[in-house]
Amino acid sequence: MGMSAGYELARRGLKTLLIDAFDPPHALGSHHGEPRLIRHAYHGGAAYVSMALRADERWLELEKLTGEKLLERSGVLNMSDPDVYSYDVRLDDAAALGVTIELLNAAQIRSRWPGVRLPDGFEGMYEPNAGYLYSERGVAAYKRAALEAGAGLLTNTFVTDIVPDAGGVTVRTKDNIFHAGKVLISAGAWFKRLEPFISLPIRSVRKVVGWFETEGNGFDSGVFPGFTLGTKDGGYYGFPSIDGKGLKIGRHDTGVEWKPGEELAPFGFYPEDEGDLRRALSAFMPGAAGRLLSGAVCKYEMTPDEDFIIDTHPEHRNVLLAGGFSGHGFKFASVVGEIAADLIEKGKSAQDIGLFSLSRFALR
Ligand SMILES: Cc1cc2nc3c(=O)[nH]c(=O)nc-3n(C[C@H](O)[C@H](O)[C@H](O)COP(=O)(O)OP(=O)(O)OC[C@H]3O[C@@H](n4cnc5c(N)ncnc54)[C@H](O)[C@@H]3O)c2cc1C
């Protein structure tokens, strides 16, 4: 989010400094272990659908600017037990905004993607123009674009303090003090470290993903789509095997809370790290339940309603907050950069961001 906003601000000619505790892309935040799904027929209403479509346009613009391939239109197949999730809620908003979707029953899914063993009664929604983003490559591309547009960048520099005053905002790091007219904080899973200056209802959660060996080529990229899977036993998402790296799968629900500063247990520390993923694959895609090829640990930053926070600080209008992306934010990073730049430059955004307002929480 920060790199995207930094690019957009610098491109508009604003004097911009990016400060990061590490050197993005890195494996200590929420963006590593690519890829990430990009879907447009979004749950949560028209505001999300419109943002997803704008985000897609901006990823293509970034591809053009940097010459990097960032988005693969693999299609995304959403499958669910109807007792867990029904796709009807997504259809009206998506159709109204021109998103192509196909509703499929279990037999149609099994015949089109023979690797999927979906029980009768499950429902499906296929979005042919959806796909996945190479997230680390995307962060690196925005970083390069931001630097080329004139932004400054301080890496391995932890912001320790943020103090607004009448003239703007003072930002402290271990070795320096900076003064800015306005500040955007997009601290991912580390917002808690900025308390008591800002106390947001964000819970950071340890998440794992695994890459599994597949049989034949039916799960390969170019053949198999990205997917989501809603079962009574949990919600999963995944990606085809890219360059023989194995089918990637993760579980969206569950996960152990992580407090910034604590050590993060490596993949495999808990039996369910591999166990949950393997159980879902064995039941629904047995041909992809082969050897575990690799695993990664990442972080979600969850708000209570899983909607984002994009708003000004309740007491300091020169401080903008973008966080709580709740495990589904990456696809929006391109448009969040534009929204943040609009809020900083003009005080308003063309996107409907009412859903992301802090007023929905009772904040101290
Ligand atoms: C396993 C997994 C799967 C996911 N799958 C999807 C998906 O399929 N589709 C999707 O759209 N999204 C997905 N997401 C969510 C998405 O990746 C995140 O929402 C997104 O990366 C959040 O971006 P961010 O900029 O808020 O956080 P980050 O990318 O973590 O960036 C935050 C940055 O802030 C820096 N920072 C924090 N505190 C300080 C400080 N005090 N001083 C200086 N720097 C600081 C950190 O170093 C970090 O670089 C997934 C996430 C995970 C973990």
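1. A definition to start with: an axis here is a line fitted to C-alpha atoms, taken for a helix over the stretch in contact, and the angle between two axes runs from 0 to 180 degrees between N-to-C directions. Please keep in mind as you read that this is a predicted model.

2. With that in hand, have a look at helix 2 (residues 46–66) and helix 7 (residues 333–346). Their axes lie 7 Å apart and the packing angle is about 95 degrees. Angles of 65 to 115 degrees count as roughly perpendicular, and helix 2 and helix 7 are therefore roughly perpendicular to each other. On the helix 2 side the contact uses Met-51, Arg-54, Ala-55, Arg-58, Trp-59 and Leu-62, while helix 7 brings Ser-334, Val-335 and Glu-338. By type, the residues of this contact are five nonpolar, one polar and three charged.

3. Now for helix 1 (residues 2–11) and helix 5 (residues 135–148). Their axes come within 8 Å and cross at roughly 25 degrees, which makes helix 1 roughly parallel to helix 5. The crossing of helix 1 past helix 5 is left-handed. Met-3, Ser-4, Gly-6, Tyr-7 and Ala-10 of helix 1 meet Val-139, Tyr-142, Lys-143, Ala-145 and Ala-146 of helix 5. Sorted by type, the residues of this contact are seven nonpolar, two polar and one charged.

4. Is helix 1 mostly covered or mostly exposed? Mostly covered: nine of its ten residues are buried. Among the buried ones are Gly-2, Ala-5, Glu-8 and Leu-9. The buried residues of helix 1 pack against strand 1 (17–19), helix 5, strand 12 (183–185) and helix 7.

5. An open sheet of three strands has the order 9-10-11, with antiparallel pairing. Strand 9 (159–165) and strand 11 (177–180) are the edge strands, each pairing on one side only. Direction ignored, neighbouring strands of this sheet are turned by 20 degrees against each other on average.

6. Within that sheet, how many bridges join strand 10 (residues 168–173) to strand 11? There are four, and the two strands run antiparallel.

Key: Residues numbered from 1 in each chain as written. Predicted model: local features only at pLDDT ≥ 70, side-chain atom pairs only at ≥ 80, totals over all residues. Parallel < 35°, antiparallel > 145°, perpendicular 65-115°, else oblique. Left-handed = near helix turned anticlockwise from the far one by under 90°. Contact = placed C-beta atoms within 7 Å. Nonpolar A, V, L, I, M, F, W, Y, C, P; charged D, E, K, R; others polar. Pairing = 2+ DSSP bridges. Buried ≥ 20, exposed ≤ 12 C-beta atoms within 10 Å, placed from the backbone.
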